[in-house]
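Please read them with the structure open beside you.

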Amino acid sequence: MQQLFDTLALGITIVNPFEFKTKGEMLADCADPAFAAGVNTMSCSRPGTRNAKLEGKGNRHCGRCVPCIIRRAALKKAGITDDNALLPDDRKYRTDIYRETLHASTAKATNKAAKGENVMAFRYMLARVQASSNFLPSAIQITGPLETPAASLDVYQRGLEEVEAVLQHVRLVD
Ligand SMILES: [Zn+2]
């Protein structure tokens, strides 16, 4: 985008102070993390599924998709209380990954809330990262070349550490 502005000689410079911060670091570094965390935001990739609406739980965080897991990781990193029991009903996670036992095999899950395929995917990725120092530097460039691969790698690794801190508290069974 900056190259486009430069080519067009618009005299516009894009500045993104959050480019190399994780979601948790952005939240922790803001002036009032508790206020920011209390704002009714939506991170979920599937907040209003048909089943959720049938259960009267539409337009809420599912709690188990990748953005929801990253959201909880950010709140944990920032030291924000993220207890599903304390949230108002319309803001509770439909699946509380801290309390429910999830199933790696979705065929064995007795209900949708117990499906832990995204937790399993994160754990698999963490295992790959630990097994090979070449995995993550390659993986983050799959979607295209990065302008600053070292800085991007650093933020990606710190982001994974935030997620790992959450996954340590999640029960995942076959
Ligand atoms: Zn979700």
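1. Which residues in α6 meet which residues in α8? In this predicted model, the α6 side of the contact is made by V119, F122, R123, L126 and V129, and these meet L160, V163, E164 and L167 in α8. The residues of this contact divide into seven nonpolar and two charged, with no polar ones.

2. As for the geometry of this pair, helix α6 (residues 117-131) and helix α8 (residues 149-167) pack with their axes 11 Å apart and at an angle of about 125°. Because of that angle, α6 counts as oblique to α8, and the crossing of the two helices is left-handed.

3. The largest nonpolar core has 17 residues, of which I69 and V119 touch the most other members. At least two residues of this core come from each of α5 (66-77), α6 and α8, and the largest share, five residues, is supplied by α5.

4. I69 deserves a separate look: leaving aside neighbours within four places in sequence, I69 is in contact with N118, V119, F122, V163 and V166.

5. The C-alpha trace spans about 55 × 40 × 30 Å along its principal axes, and 20% of the 174 residues count as buried. Among contacts with a separation of 6 or more, 59% are accounted for by residues 24 or more positions apart.

Technical notes: Residues numbered from 1 in each chain as written. Predicted model: local features only at pLDDT ≥ 70, side-chain atom pairs only at ≥ 80, totals over all residues. Axes fitted to C-alpha atoms, helices over the stretch in contact; angles between N-to-C directions. Helix = DSSP H or I, 4+ residues; strand = E, 2+ residues; numbered from the N terminus. Parallel < 35°, antiparallel > 145°, perpendicular 65-115°, else oblique. Left-handed = near helix turned anticlockwise from the far one by under 90°. Contact = placed C-beta atoms within 7 Å. Nonpolar A, V, L, I, M, F, W, Y, C, P; charged D, E, K, R; others polar. Core = buried A, V, L, I, M, F, W, Y, C linked by C-beta atoms within 7 Å. Buried ≥ 20, exposed ≤ 12 C-beta atoms within 10 Å, placed from the backbone.
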